[in-house]
Amino acid sequence: MIEPPEKSSAPRRSRWWSLAVASLATLIVTADSGQLSIAMPLIIKDLHADLSLASWIALVYALVTASLYLPCGRLSDVLGVGKLFLAGFVLYSLSAFAAGMAAAPAQMIFFRATQAAGSALIMANNFALITALFPREERGRAMGIAGGTVSALGYTLGPVLGGLLTHSLGWRANFYLSGSLAIIGFIAARRLLPTESFKPTQEKKTPFDITGAITFAAGISLLLFSLALAQKESWREPAVSLTALIAVAALSVFIRLEKRATFPLLDLKIFRSAAFTLGNIARWFSFITMSVSNLLMPFFLQLALGLDPLRAGLLVAPTPFAMALLAPVTGWLSERFSPERLCAIGLAVNGAALVLLALLQTDATAFEVAAGLALLGIGMGIFQTPNNNLLMSSVPRHRLGIGSSVLSIVRSLGYSVGATLAAAIVGYFLVMATGDASLQTLGSAPGAVGDTPALAAFLRGYRWAYLIAAATAFIGAAVSLWATADTKN
């Protein structure tokens with residue numbers, strides 16, 4: 001069993017001011033995606049682009065962040081979390097301002113990629129900062145605030161801010177706001193983070209594993225790219241399979257190199273902890289289930305129930321709202337009770353909510369939908385903060401950056417796999433009924449609404465996807481209980 005990090009020497013007031021910096025970083029990054037999604041139609045129009053620009057912006061952001069999480073985590077162990085935070089704020093701010101001044105699609109994609117690099121420097125180290133500064137008896141509440149409440153608030157406020165700014169000042173204002181907030185974050189980090197956060201967590205300087213960083217970036221990027229292709233094309237296409245195989249080969253080479261390296265990018269010893277390994281498996285399952293719902297619920301609300309985008313957006317709000325309310329509470333509970341059992345309860349509730357949502361019919365009321373989505377948020381609220389606390393408390397202090405980055409990678413992989421799974425299941429039923437598997441064009445396809453074969457096929461795929469997601473959540477609950485039993489032994 002890996003020993004948990006030692007108690008922080010940072011004064012109490014300094015710790016909570018540092019939490020404000022981490023929370024601001026989380027708010028900036030989580031609100032960004034919502035702002036951009038609302039502004040995207042005008043961005044495409046002003047830059048004389050087509051819908052592929054939106055896909056490339058989303059894809060390049062996902063590929064860059066996933067590729068850099070692990071190297072950034074390693075660098076924070078070598079250089080200090082505070083230094084990486086400052087660098088992240090600077091790069092994010094400059095890139096946001098540059099993206100706001102972009103005059104062509106290629107410029108937008110490039111600056112969005114560098115903005116993603118800044119995001120990786122910040123988010124890969126958020127949990128590491130909190131774990132390093134907060135003692136065990138306060139860590140759950142701190143993670144609940146920064147990783148739960150503020151994160152849910154960002155995802156909720158993002159579309160609202162995006163709509164207001166785009167309507168009143170134009171789409172470029174969204175990037176200028178993000179850049180300005182990052183400047184505030186830099187100033188706050190420079191003034192409020194304690195001195196110890198700018199020091200390495202390792203006793204001596206060690207070489208950086210460049211070969212490991214390259215092979216990991218290649219493997220994880222190709223894996224996510226293959227999953228993105230599978231969502232837009234058929235997962236049976238040769239290009240998808242070939243890309244996935246190359247990705248697996250690259251990651252296999254990476255693991256082999258890490259086993260032999262004297263100073264590895266990823267210290268595989270952290271996976272000797274059952275709490276860390278099984279907790280990450282449960283975490284992966286949880287984000288798969290959330291991704292399925294995030295992708296399919298807007299289609300269900302607008303196609304099956306006939307709601308407009310505004311009402312559909314309001315109706316999905318109970319999920320992040322419930323998560324925001326519960327996160328600090330479950331963080332406090334994880335300091336006093338077994339976090340593994342809380343994780344199991346959360347995923348069990350998550351599974352029950354997914355079953356209820358799978359049973360919704362085309363005559364479902366707004367209350368029935370909101371109740372199911374609120375229950376889903378309650379389940380994730382019970383699960384997420386105890387899971388974060390459990391995982392980071394099982395990582396040795398000199399590996400906090402790596403541990404934090406692994407959490408971010410697992411989240412990205414969970415979201416990608418869940419979206420691919422949902423698209424593949426619904427696409428299968430659509431092909432059987434209409435010959436067209438495209439989930440992206442379902443909303444604009446002729447005859448896609450009303451009592452049609454396309455809608456009936458979508459509903460069958462929707463129900464199967466939600467039921468499979470529910471089964472995944474229940475398996476995750478069992479894994480969490482398994483971790484509890486293993487820890488006792």
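**How to read the model**

Because this is a predicted model, local features need pLDDT of at least 70 and side-chain atom pairs count only at pLDDT 80 or more, while totals for chains, interfaces and linings use all residues. Residues are numbered from 1 along each chain as its sequence is written, and side-chain values use heavy atoms, with hydrogens and water left out.

**The whole protein**

The protein has 16 helices and zero strands; helices (H or I, at least four residues) and strands (E, at least two) are DSSP runs, numbered from the N terminus. Of its 489 residues, 56% are buried, where buried means under 20% relative accessible area, exposed over 50% and partly exposed in between (1.4 Å probe, protein chains only). A contact means heavy atoms within 4.5 Å. Among contacts between residues at least 6 apart in sequence, 86% join residues at least 24 apart.

**Confidence**

The average pLDDT (the predictor's confidence in each residue, from 0 to 100) is 81, and 89% of the residues score at least 70.

**Helix H13 and its partner**

The axes of H13 and H14 (residues 366-393) come within 8 Å and cross at roughly 160°. Axes are lines fitted to C-alpha atoms, for helices over the stretch in contact, and angles run from 0 to 180 degrees between N-to-C directions. H13 is therefore roughly antiparallel to H14 (under 35 degrees counts as roughly parallel, over 145 as roughly antiparallel, 65 to 115 as roughly perpendicular and the rest as oblique).

Now look for Leu 347, which lies in H13. Is Leu 347 buried or exposed? Leu 347 is buried, with a relative accessible area of 0%. Leaving aside residues up to four places away in sequence, Leu 347 touches residues including Ala 282, Ser 286 and Phe 383. Ser 286 is 61 residues from Leu 347 in sequence, yet their C-alpha atoms are 7.0 Å apart.

**Helix H9**

The buried residues of H9 include Val 240, Ala 247, Phe 254 and Glu 258.
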